[in-house]
Every structure is written in structure tokens, then in C-alpha cells.
Amino acid sequence: METFQSTNKGYHAELNVITYCRNRTAIEDKSKFRILLSFGQHARELITTELALRILSILSEEQFLPKMDPLLLNNTLEKIVIKIVPVENLNGRKKVEAGDVCERRNGRGVDLNRNWSVDWGKKEKDFDPYEENPGIGPFSEPEAQLMRKLSTSFDPHIWVNVHSGMEALFMPYDHKNTTPAGLESQKMRLMLESLNHLHCGDRCVVGSGGGSVGYLAHGTTTDYMYDVAKVPMAFTFEIYGDEKASSRDCFKMFNPVDHPTFNRVLNEWSATFFTMFNMGAHQMKDPQPFKVEHLISIDDYLNGYLIERKNRYGEKKEFLDLGLQEIRTYFRLFLLSSVMLMFMFCSRIAKSNRSHLPSISL
Ligand SMILES: [Zn+2]
């Protein structure tokens, strides 16, 4: 666990980040599939942090997922690095714990899910300054700055912003009622529809945040992660909501109040996340595609090799400088003759195999 801190005009924020990786030395390994999850961005949505703790408990093998194939899970966990922020809005959470159960904003009254730069500050007709205060400018809040830094350095393949208030699996966009075009977007939708079917009993709302809830949200984290940070799969999951609860009873609107519901929510949604880990790790077989610019020509390779040798044996510099062109030519001839030999060898094997074939056509 790492703790990051930031202060702005006397307002101090702290961010705890837990990193899961099978092998501690592979945390920085960029060939791993990277997943970034944040919980508790809205202070009153306490259940989200409970889910973070449950996921961590399963990852540390303290608890187990009943229906998960242990071999598949093991194989997945080998391939991934997960970073979890269990309480993004620590200062807001303190207010809720002190009795202000309707508070969703940070410690100085800013909605952290409206403080990001994509379409920041735009106000809808039903704008409620108490709920949706976007701050004095994009990234005015230290919590948002810390999260942005984390996403830039980690560069995840999957981002999930976890909330409560309803049951939904959202993808971009929040600031307009459409989803992005193209294959990436289709992949996101497909993943969400599978998760809905497997773990939400098809109850969850699936689609763009802006197109599904009846209002648009501007300056959200998920829109930034998709549009600016270029995270290929950027989601917002809404894990629980009691729409019948009185709007004065904030705790009940956003959090289960009995043990069976509490356990059901944590069981279903931890399974959702682990299925998503499986799908992500296996869908993207090569998380860092081999880029053309990484390929070097045999000439460049040889040049590099010879220059390196030259430095190591400084006294033989002259000889190598003179012989560079010749050595390159010999190396090419050597490669060419090896390929020809290989070809001759293979065609001989093919011929000798053919003689064993039956004379009658099958
Ligand atoms: Zn929320």
C-alpha cells in the first residue's frame, strides 16, 4: 500500500493505493494487463468501499469465490496488476461517518466526479449545486489531481469507477447520450452485457452513462479516462440502490441495511469483478502490441553490435572501421546460405515422406 498526499490552499487530501501483483518484482512489468479500480468517490456510497475490501480479501486468499474455477483464476492473476483505491474521497467519508450521511462531495464541498476536464463545468437545467459542485476549475481538487497522476503513471487497460444509487454497468459517455464509435466501444459493450447476464441477472442498466440515467454529467472521471487518458475500457459500475427509499434517508438509498442484502451485493459484485479480470486478461492476449518502430533491421542490429564491440576493444577500432562493410556482407551471405540449406533439407524430407504414401488415391 502506498499513500499519496496533496494540499491546495490549506485543504489536504490523502490517497491510499493498494497494488496487487503475484510477483512483487513484476509490478512495473509493462507486459502485464493493468486494471485500476476506484471506490468511495462519493462519500455516502459506503458499500463501494466494502466491495473494495472484499475484492482485496479474495485476492489475498483470505476469502474465496464459490463458483470461480481456481485454475482459470490462477492463470488470470499471473497476467495482471491491479491497483485499488478503496476510499478515493477520504475527507468526505469522514463527514459521513460524523453523521452527515447525505454528503457525496469532498471535504470542501466539491463533487469529485465533476472535477475532471472533459466538458467540465457545463450545467444542465436540473443542475443542483449542492450535489454537483464541479469546483473552481478542472482538477482544482487535490483528490482529482492525485487520481490523474495515478492513472497517468499506471496507464491501465481497464478503469472502473465504482458507485452506488442504482444497479448499472456504464461505459462512456457521461456528458452526451451516445457511446463512442468503433471496435473498442463494441468490445466494452459486449463485456458489460456478458457481466450483466452472468452476475446481475440482466437487471443492470447497460450503456452510456449519459444515455441511460436521464441526465448528462459533465467533467466525470470515466469520460476523462476514456477520452484523454485513452484507457481502452473505461467503466462506471453502480452496484446497489434502493429506489423506494425516501430521499431523506440517504443511507438507505445508497447502502444495504440488512445482512442478507449486504452479503448478496458483495458476493455478486466481487464475482463480477473477477469475471472482468478473467475476460480482460484473456481478451487482450498481447497487452502491448509489438510496434513496427520496435523492429530493427539486421543492418541496424549489426551496426549496434559492432559499435558496441568497437568500444569494448578500443585498440582494434581501425580494423573494425575498415572491415564493417565486409563483415556485413559476409553476415548476409551466411544468412542466405543457411536459409537455402534449410530449404533443401526440408524439400528432401518432403520427398522421402511422399514415397510412403499409398499408391491408390484415397
Ligand atoms: Zn456516486
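Two strands count as paired when DSSP finds at least two bridges between them. Strands (E, at least two residues) and helices (H or I, at least four) are DSSP runs, numbered from the N terminus.

This is a predicted model, in which local features need pLDDT of at least 70, side-chain atom pairs count only at pLDDT 80 or more, and totals for chains, interfaces and linings use all residues. Residue numbers start from 1 along each chain as its sequence is written.

**View 1. Strands β1 and β2 pair in the antiparallel sense.**
Here 7 bridges link β1 to β2 (residues 11-21). Look for S6, whose bridge partner in β2 is A13.

**View 2. An open sheet is built from 8 strands.**
Their order is β1-β2-β4-β3-β5-β8-β6-β7, with mixed pairing. Because β1 (2-8) and β7 at the edges each have a single partner strand, one side of each lacks a neighbour in the sheet. From one strand to the next, the twist averages 20° (angles run from 0 to 180 degrees between N-to-C directions, with axes fitted as lines to C-alpha atoms, for helices over the stretch in contact).

**View 3. Strands β6 and β7 run parallel.**
You will find 4 bridges between β6 (residues 166-171) and β7 (residues 205-208). L169 sits opposite V206 in β7. Helix α6 (residues 183-199) carries the chain from β6 to β7 in a right-handed β-α-β crossover (with the strands pointing away from the viewer, the path from the first strand over the helix to the second runs clockwise).
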